[in-house]
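Dear colleague,

I am handing over the structure we spoke about, and I would ask you to open it beside this message while you read.

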Amino acid sequence: MKNQQRIEQILLSLKKCDYLTREQLQRMHKLGQDRNAQKILRNMNQYLSHFSDDRKKVYYLNASGREFVQADKVRKKTAQVNHFLMRNDLYISLGRPTTWRNEVKITLNNISLISDAAYILNKIHHFVEIDNKQSMQKNVQKIKKYRKLSTFNPQFQLVWVTTTLYRRNRLEKLCEGMNFKIYLWEDLK
């Protein structure tokens, strides 16, 4: 019975996060050491598919896994997997907020954008942006939209996850005057 609960919890995590590495699953579900975690995930192969990216296995739901947890999204191997993994590392490091939602459309007074994720903490809305391989020009455009949003509702925080100190410093300058926080991906792992 306990094994069945653990399987269901892992599948629900994959439904919410789309893609997770073994290391992320270990942190989320206390799967123990690497060998034990690998054994657990290998025993779940009827529900999971995986591919290797940068010498790590990335897991996602196959058709049986989607059916088990009633997931609609079909995921396949993708070159953009690091975008998902960066977002998931933030989600895990923040303690898996219960209000967390992925790909949130924000529309207010003719301003429209899609945030990579959003959550509420201490009654403050947090909008997450993942800066993996996106051009800095696209980041500038998004920040302009968030800046306009802040004139209507200053009670939000913009949260970035990026890959290098250079990019973090650029984002800090672009976000000056706003409520923001920037994480380096390596610090979240």
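**Salt bridges in the predicted model**

Arg 22 counts as buried, because its relative accessibility is 13% and the cut-off for buried is under 20%. Please keep in mind that this is a predicted model.

Arg 22 takes part in a salt bridge with Asp 34, in which the closest N and O atoms are 2.9 Å apart. Since Arg 22 lies in helix H2 (residues 22–29) and Asp 34 in helix H3 (residues 34–42), the pair ties together parts that are twelve residues apart in sequence. Asp 34 is partly exposed, with a relative accessible area of 39%. Arg 22 also forms a salt bridge with Glu 23, where the closest N and O atoms are 3.2 Å apart, and Glu 23 counts as partly exposed at 33% relative accessibility.

Another salt bridge joins the side chains of Lys 73 and Asp 18, at 3.6 Å from N to O. This pair links distant parts of the chain, 55 residues apart, with Lys 73 in the loop between helix H4 (63–68) and helix H5 (81–93), and Asp 18 in the loop between helix H1 (2–17) and strand S1 (20–21). Asp 18 is buried, with a relative accessible area of 4%, whereas Lys 73 is partly exposed, with a relative accessible area of 44%.

The count of salt bridges comes to ten.

With kind regards

Definitions and conventions. Residues numbered from 1 in each chain as written. Predicted model: local features only at pLDDT ≥ 70, side-chain atom pairs only at ≥ 80, totals over all residues. Heavy atoms only, no water. Salt bridge = Lys/Arg side-chain N within 4 Å of Asp/Glu carboxyl O. Helix = DSSP H or I, 4+ residues; strand = E, 2+ residues; numbered from the N terminus. Buried < 20%, exposed > 50% of the residue type's maximum accessible area, 1.4 Å probe, protein only.
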